[in-house]
Each structure stands twice: as structure tokens, then as C-alpha cells.
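Subject: Structure handover and notes

Hello,

The structure is placed just below, and my notes on it follow. Please read them alongside the coordinates.

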Amino acid sequence: MANSALEIVGLLLTLIGLIGAAASTGMPMWRVTAFIGENIIVFETRYEGLWMNCFRQADIRMQCKVYDSLLALTPDLQAARGLMCCSLALGGLGLLISLVGLQCTSCIQNNDRAKRMVLIISGSMVILACICVLIPVSWTGHVIIRDFYNPLLIDAQRRELGEALYIGWVASAFLFAGGCMFICCNLQSEEKGSQRYVYSRNSDYTAYPPQPLQTLQPQQLVFIPQPQPVLSRHPSTNYSYPSRYPSVRSGVAYL
């Protein structure tokens, strides 16, 4: 029952992490304009995401434009596109596979070992999805911080960490917790099931020397004489069971 509750908690954590990863992938707030030094024009904000650039003014709604070319992006954004898509695919597949191995489902019946293996595989896929989210988010954050303190860049070229990066970090934490919960619960149950077959190596034992095989001596055969039947001229009347046909012994006795 405890493992079933932990599996449901892991499923919910994985679902929350997957939703956060999808939101971080689609949001354009990866890089935000930094208002420092002489760049105090606060009525216009520029956002840079994986798929588009957006501009937002004070009282006007946001206007976005999709990137014209993939090759025009920086290397960190190009890698972030592929890794975030891989994380969504791995997380979605891991979430669907985990539904098969849950104890509260009946997709696999009378085979607990197969259910545990399914959940371990799904947990591994969720952890891989967590890594695929963590790498591009951390890489982009490192580039933003490095450029922010670069003295060769002007203030208008500096950017700050956007909301999508924070959502990506939180989503990776949820994915990691969900994947570890899937794996650890089933590894613990596997060890508990195998404890009854573990033998201690430090137990005392007694070594018995090998005994030589004893050769059997041939014994003399003894013949026991069998008693001969006594023939009588008088018919026998002692029959234990009535028979329809007379026996040979009774015929001989009658003679």
C-alpha cells in the first residue's frame, strides 16, 4: 500500500514537471532586456525565446515575431530547442509507460517483477528528461550571466534571466523527484523480496572429511525349501469365496 501511494505521488510530480517543461519551451521569456546604466527606457521590453522575439510596450499588448532562420540563433538556443523537445518526448513516454506498471492498474496481472521493471524503465526515462531540461536552461543562464559582466558589451546588449529559465529549473526538480521515486520504490521492494534468500557468509559450519566407499562383499545365497502341498482323496469343503468354475487344486484333491 505504501509503494502504491508513493507511485501516485511520483506520477503527479512527473506530470507537474512535464507541464512546467512544456511551458518553459513555449515561453519567449528566456532572455529579458536589462535596465541598467543609461538604458532606462522602461516602457519597452524585449524578450528572446527559443522560437520567437517579442516586444512589449507600456500599455500595448505584446508583439512577437518568429525567427526567420535557425542558423541565425546562438549555439545555446539551437541546442536548447533540440534538448527541450527531447525532454518533452522522454517525459511523455515515461509518464505513459508508468501507467502500465502502477499497482493500482491491471494492465499487467500476476507479475509483480514485470511491473517493477516497467516502473524502473519509466523512472529512468523521466530522469533523462530532467537532464535534457537542465542542460539548456543552465547553459542559457550561464551565457546570460557571462555576457552581463562582459565589459566589452554595451548596456543595451546585456540581458537578464527570464521567467522561462526559473520555470525550467523548477520543472527539472519535479522531474528528478518523480523519476527517483519511481526507481527507488521499486528497487527497495526488489531488495525486500530477495532478503529471504540471502545466506550469511559468516555463519559457522562444520567440514566433514570424505568417507571411503565401502565395498560390498558377495554373500552366499540361501535357498529356503517351500512346503509341498498335501494331496487328499477327500474333497475339500473349505472355500473362502464361491467360484463359478472349480479350481485345479480342488480337482486334484478330489482325485
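Contact here means heavy atoms within 4.5 Å. On that basis, 63% of the contacts in the protein with a separation of 6 or more are between residues 24 or more positions apart.

Some conventions. This is a predicted model, in which local features need pLDDT of at least 70 and side-chain atom pairs count only at pLDDT 80 or more, while totals for chains, interfaces and linings use all residues. Residues are numbered from 1 along each chain as its sequence is written, and side-chain values use heavy atoms, with hydrogens and water left out.

Overall layout

The protein has 5 helices and 5 strands; these are DSSP runs numbered from the N terminus, with helices being H or I of at least four residues and strands E of at least two. Read from the N terminus, the order of elements is α-β-β-β-β-α-α-β-α-α. Of the 255 residues, 31% are buried. For burial I use relative accessible area: buried is under 20%, exposed is over 50% and partly exposed is in between (1.4 Å probe, protein chains only).

Helix H2 covers residues 75-101, and its 27 residues should span 39 Å at 1.5 Å a residue, in agreement with the 39 Å between its end C-alpha atoms. The expected span is 1.5 Å times one less than the number of residues. Buried positions in H2 include Asp 76, Leu 77, Ala 80, Arg 81, Met 84 and Ser 87. Further along H2, Gly 91, Gly 94, Leu 95, Ser 98 and Gly 101 are buried as well.

H2 packs with helix H3 (residues 112-148) at an angle of about 160°, and the axes are 8 Å apart. Axes are lines fitted to C-alpha atoms, for helices over the stretch in contact, and angles run from 0 to 180 degrees between N-to-C directions. In the contact of H2 with H3, the residues divide into 22 nonpolar, 7 polar and 2 charged. Nonpolar covers Ala, Val, Leu, Ile, Met, Phe, Trp, Tyr, Cys and Pro, charged covers Asp, Glu, Lys and Arg, and the others, Gly among them, are polar.

Individual residues

Ala 79, in helix H2, is partly exposed at 24% relative accessible area. Ala 79 lies 57 residues from Pro 136 in sequence, with the two C-alpha atoms 6.9 Å apart.

Val 137 is in helix H3 and is buried, at 0% relative accessibility. Leaving out residues up to four places away in sequence, Val 137 touches Trp 30, Leu 165, Gly 168 and Trp 169. The C-alpha atoms of Val 137 and Leu 165 are 5.6 Å apart, across 28 residues of chain.

Thr 14 belongs to helix H1 (residues 2-26) and is buried, with a relative accessible area of 1%. Apart from neighbours within four places in sequence, the contacts of Thr 14 include Leu 95, Val 126 and Phe 174.

Leu 50 sits in the loop between strand S2 (44-48) and strand S3 (52-57), and is buried at 0% relative accessible area. Beyond its neighbours within four places in sequence, Leu 50 is in contact with residues including Leu 77, Ala 80, Arg 81 and Met 84.

Regards
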